[in-house]
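Some notes on the model follow, as numbered points. Please read them beside the coordinates.

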Amino acid sequence: MLQTKITSREIESTAAEAPSLEQTISSALALVSRQYPVMIFTLLLCICLAGVYVFTAPKRYTGTAILMIDSRKMQGLQTQAQTTGTDNPIDSAMVDSQVELLKSEAIASKVIKDLKLVASSEFMSDGAGVLSTISNTISGLFSESKPPTQEQLLRGALARFANGLSIKRVGVSYVIEISFQALSQEQAAQIANAVADDYIVDSLESKYQASRRAAVWLQDRLKELRSQASTAERTVADFKAKNNIIDAGGRLLTEQQLAEINTSLTTARSQRAEAQAKLERITSILNADNEDSKVILSDLATVSETMGNPVITKLRQTYLEYAAKQADWSNRYGSAHLAVVNLRNQMREIRRSIIDELRRTAEVYKSDLEIAKSREESSQKSLNDTIAVSNNTGQAQIILRDLESNAQSARALSDNFLQLYMVSVQQQSFPITEARVITQAASTLPNKTSPKTTLILLAAFVGGSILAGIVAVLLDMMDRVFRTASQVERFVHTSCLASIPVIEQGAVNATSTQPSKAAWRFGKRGKSKPQQAPPGYGGPGAMLPLQGSAPGSSQARPHRDRLLSTEESVGRYVINAPFSRFAEGFRSIKLASDLANYGSASNKVLGITSALPNEGKSTISEALAQTLAQSGCRTLLIDGDIRNPSLTARLTPAAPVGLIHVIVGQADWKDVVWIDPQTNLHFLPCAITSRFSNSSDLLASPQMEHLFQQLRQHYDRIVLDLSPLAPVVDVRATGGLANSYILVIEWAKSKVDIVERVLSETPIVRDRLLGTVLNKVNVSVMSRYDTYGGAYYRNRYYKRYGYVD
């Protein structure tokens, strides 16, 4: 059997591939083409609803006043504490707090009271549209009508006031925009200006009250603080007098004495150290070797520079001059020369004079050292005495510091409260506020803000488009029915043999009244020999037995009593309209059947079934049999739907006997076959008088198999109309009868899940499935679902070859 099937591996590989941009766009366009009626309806519905709202909603106007929180203060009323440094700017949190204050019920209540809005019918009316009026009317029918109290009226006015009021800060500036929506321009501007004015009045009033309360409290507190400061200062004075604590230039007398004695002691210690250092240096020079002139001279240089002794300096200079002459004369005349010897003697005398002068100076330094030590001891003794006196007043000084600190704190606190009291008195006399109105709301400017027709219609269009897309996607996702041949091949995993368009009954009646256009195919056979018996009926010219006669009965009627009259049958449309798309579809099914039977003499019986009833399997069976018979094949159509033989009721409603009678042996199959005189199609009906519960047993019986063996010998093709798969199990019993099956699927009605389920439950049909037929197709609608094959269904391509619908 030649079949084109899509394997599961191909399906998985196709599903694994990510869709390209072109495929995505094509899928979106296909979705739009499929669901555009619903999308257009949804979009128009949204636009209509928006239009109804625009025309029924009341017109509202907005008045806007602009308020500014001015950070500059009145310089003439500032105190010294306030004017110190630069003015602190108003922070952002403060401005946001003023915005919330403007929204408060306190301001709203003042505005409502000042403008008498509770008594204003224009303000208290809802101004609602038609929908709100209807809703209020309906709700009023189920609620008791009592006159509202003043409190209820005020709460209602506050609620309406809050709904119409809009306060916002302009960016990050100190500017606040006050807007109010009302039914009239005058009232909107009036309320917006009143909110700004009452806010300023409330700010002034709150500052005045705060200043007044602060002044009273500060005055009482100031008296108490002054008394505390006086008492603390008096306690300090009494304590100083009691403990003989005397201040001298802001310091205690003992502290000043300690500082002076400490300075004197430091000076004495430095003088003693200096005198001792000089004495030790001179003593070290005197104790050095007297013969070592170089050491003496170098030490003398240091000592003379330190002491500033002019005698030693002069003697050292003379000594250096003699030493230079000695060195010069020794080089000239020799060291034994008399002049050189005299110079040495003179230099020796000079050294001795220097040493004597040093000894005298050392005695002076000893005297200075003793004097310095005496001064140091005297200063140390005075310091010790003063410290002893200071220690006696140490505890008193600690207590004094605490008393002085308390007195200073009390005095400072008293002074601060005095300053605050003066400021509060000034603010009470001249209250100021940082807010001022920079723009008042005008009642003459066009300020309609609601409803915004353009914005609402644009939003309705955009929202309707989005909603239409969502509805289209949801409907497409919920559309689990077969609409295209590619869907059939993807889910059923077999080829779709044809897509049969739906045929209206009016088209069938119109073609049935016209001469058949298929007569050319058979020449004069349909007219000259309409009553000729089919092959196997006893040779040419044999007569068919009478209806209702038993086999072998001597009574007989011409077989023209069993001639089919199918002019008004939908299946006959394939003969009456051979150039229609309907007929072309059945030629496609015939071709697939011929290719499947090519080279096989035993593949003759073709079973036609469907998943559910009313999918058109009987019509497909009849039309396919007519197409096969018209091509010259010896074709037999059998109504095998024993439970509901609809094909028999349509073609041979008067047939008294049929398939059941043949199986039970009450008639011979040749005596119950009906013939179409035009196409020579033979039809074996299934005449029943009561419903059968064991129909599957009849189909699987040996008698049925024996009958089909006989029919295979007499006919080239046998089309077996079977019952649906889902309701009954009869098709499962036809494994020994049908060689292949065709599954009929009703377009846009058959559920994918149901078809998959019945095929999985009927493996014999799935394994022998020749293909599927998509029946009752609305061609114009189907082209919207098939993105790539939609053009295939267009009439313009058929018309080029003479096909018409």
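1. Ser610 touches Glu615, Lys617, Pro724, Leu725, Leu743 and Val744, leaving aside residues up to four places away in sequence; contact means heavy atoms within 4.5 Å. The model is predicted: local features need pLDDT of at least 70, side-chain atom pairs count only at pLDDT 80 or more, and totals for chains, interfaces and linings use all residues. Residues are numbered from 1 along each chain as its sequence is written, and side-chain values use heavy atoms, with hydrogens and water left out.

2. Ser610 belongs to strand E9 (residues 605-610); strands (E, at least two residues) and helices (H or I, at least four) are DSSP runs numbered from the N terminus. With a relative accessibility of 1%, Ser610 is buried (buried is under 20% relative accessible area, exposed over 50%, partly exposed in between; 1.4 Å probe, protein chains only). A polar atom of the Ser610 side chain lies 2.8 Å from the backbone oxygen of Leu612.

3. Helix H5 (residues 105-115) has Ile107, Ala108, Val111 and Ile112 buried. These residues are on the same side of H5 because they cover an arc of only 130° around the axis, the arc being that of the directions from the helix axis to the C-beta atoms. The buried residues of H5 pack against helix H4 (92-102), helix H8 (150-164) and helix H9 (185-242). Lys116, which follows H5, has a positive phi near 55°.

4. Leu474 is located in helix H15 (residues 453-478). Its relative accessible area is 44%, so Leu474 is partly exposed.

Key
Polar contact = N/O pair within 3.5 Å; in protein donor to acceptor, adjacent residues only side chain to side chain.
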